[in-house]
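Student: I want to learn how to read pockets in a model. Please show me on an example.

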Amino acid sequence: MRAGAGERVRHCSLPAYPAHAPPEGLHGRRRAALLSGRRAWLNGTVLHYCFLDGGRDGGRDGGQGGRHDGGHSDGYSGGERGDDGQRDAVRRGFQEWKDLGIGLEFAEVADRSEAELRIGFRWDAGSWSAVGREALRVGTASRTTNFGWDLTGASGRGTVLHQIGHVIGMVHEHQSPYSGILWDEEAVYEDFAGPPNLWPRSRTFHNVIRRLDESEANGPVWDPLSVMGYRFGPGLILEPPCYRAGVAPPGTVSALDAAFARRWYPPPGAEPPPELPPFRSAPLGAGAGEQRDFTIIPRATRDYAVGVFGECDTVLVLFEEVGGDLRYLVGDDDGGRPRNASLRVHLRRDRRYVLRVRVHSCWGPGQAAVMCW
């Protein structure tokens, strides 16, 4: 009998996007900080999502091709867009993450061109999602998230919460370098090669066996209760001994999952961001992983430059207020390279813009600052 047989659990299959590695020769805290924050959204971002119409999607899937779950449909045939039950399950999942008090917002839109997140329900493509800002690397003609089985059944809530965990930047918990897991690798490959997953060895390695860098992990300890972990049957884990009989996370957001979300996306303050006047620098006063926001209200319509100064690695993103909603305008991430993040953008008089700056790391003796001119 195959190890873990009888479990018949379908699993998330993350796309193998090419890694954005730090520059060659970058080590220590700078490298760790870049790896840790490279997928996180800027706090306060409104993530717009839409449900795709299969007739327009043309089968494009943001990097995931082929059958991922053995073609099991559970009797559902709602099509790419999904029926009301499937879509409502996703809406409830977004609300459950938002109810943790995090600083991200989720807003449904009808037009895919306005959506950072494009959600499909193709039953022949498994369940998966781009992780955090990787969604921005997927063309607007393609999905960034897919649900490959019925979300109204017993496991549907866990599936939705897991994929939205990826959306906000979380990775698979069982791949944490802090887990101490020693796999029976051939048993794992055999288990995932069988139904209902039917995965090739490369997919199993990418989503199960591969161990993540310490800086990419969701947290500094392994959380077997995490909604980002898989359920494993007996015979797949050799060590620690207490998990030889299997692991069965409950499919809910754990306390450590919530801590991850609140660490990267703390609730917004009551006061609006301070204004950044033209030609006057403002100190960032932020450490690694911290963010500072500023308001820009131009007094003239013209081209502007916005930039960070100092020995630091940063992400710089500018949003424009449109109808009370902050919409992404332009951004830059210096990625640890020997330059600072900077923007050149056309701004209109008396419009309101919000500049968000997340610091990856600071290493120089001077103070980092930001300026608009």
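Tutor: Start with the largest pocket. Its lining has 36 residues, and nearest its centre lie Arg38, Arg133, Leu136, Arg137 and Asp333. Helix H1 (28–37), strand S11 (312–322) and strand S12 (325–333) are the elements that each give two or more residues to this lining.

Student: What kind of model is this, and how are residues numbered?

Tutor: The model is predicted: local features need pLDDT of at least 70, side-chain atom pairs count only at pLDDT 80 or more, and totals for chains, interfaces and linings use all residues. Residues are numbered from 1 along each chain as its sequence is written, and side-chain values use heavy atoms, with hydrogens and water left out.

Student: What counts as a pocket?

Tutor: The general idea first. Rolling a probe the size of a water molecule over the atoms shows where empty space is left. Here a 1 Å grid is laid over the protein atoms alone, with a 1.4 Å probe; a pocket is an open set of points with protein on both sides within 12 Å along at least five of seven lines, and lining residues have an atom within 4 Å of a point. Volume is the space filled by probe spheres set on the points, with points joined across faces, edges and corners. The largest pocket has about 820 Å³.

Student: Which element gives the most to that lining?

Tutor: S12, with six residues. Helices (H or I, at least four residues) and strands (E, at least two) are DSSP runs, numbered from the N terminus.

Student: How does the lining of the largest pocket divide by class?

Tutor: Into 17 nonpolar, seven polar and twelve charged residues. Ala, Val, Leu, Ile, Met, Phe, Trp, Tyr, Cys and Pro count as nonpolar, Asp, Glu, Lys and Arg as charged, and the others, Gly among them, as polar.

Student: What is the volume of the second largest pocket?

Tutor: About 620 Å³. Among its 28 lining residues, Asn43, Pro268, Gly269, Asp293 and Arg356 are closest to the centre.

Student: Is glycine 37 buried or exposed?

Tutor: Buried, because its relative accessibility is 2%. Buried means under 20% relative accessible area, exposed over 50%, partly exposed in between (1.4 Å probe, protein chains only). Glycine 37 lies in helix H1. Beyond neighbours within four places in sequence, glycine 37 contacts (heavy atoms within 4.5 Å) Arg133, Trp264 and His360.

Student: Where does pLDDT stay under 50?

Tutor: Over residues 1–6, for one. Residues 55–79 are also below 50. pLDDT is the predictor's confidence in each residue, from 0 to 100. Where it is low, the predicted coordinates should not be read in detail. The chain mean is 88.
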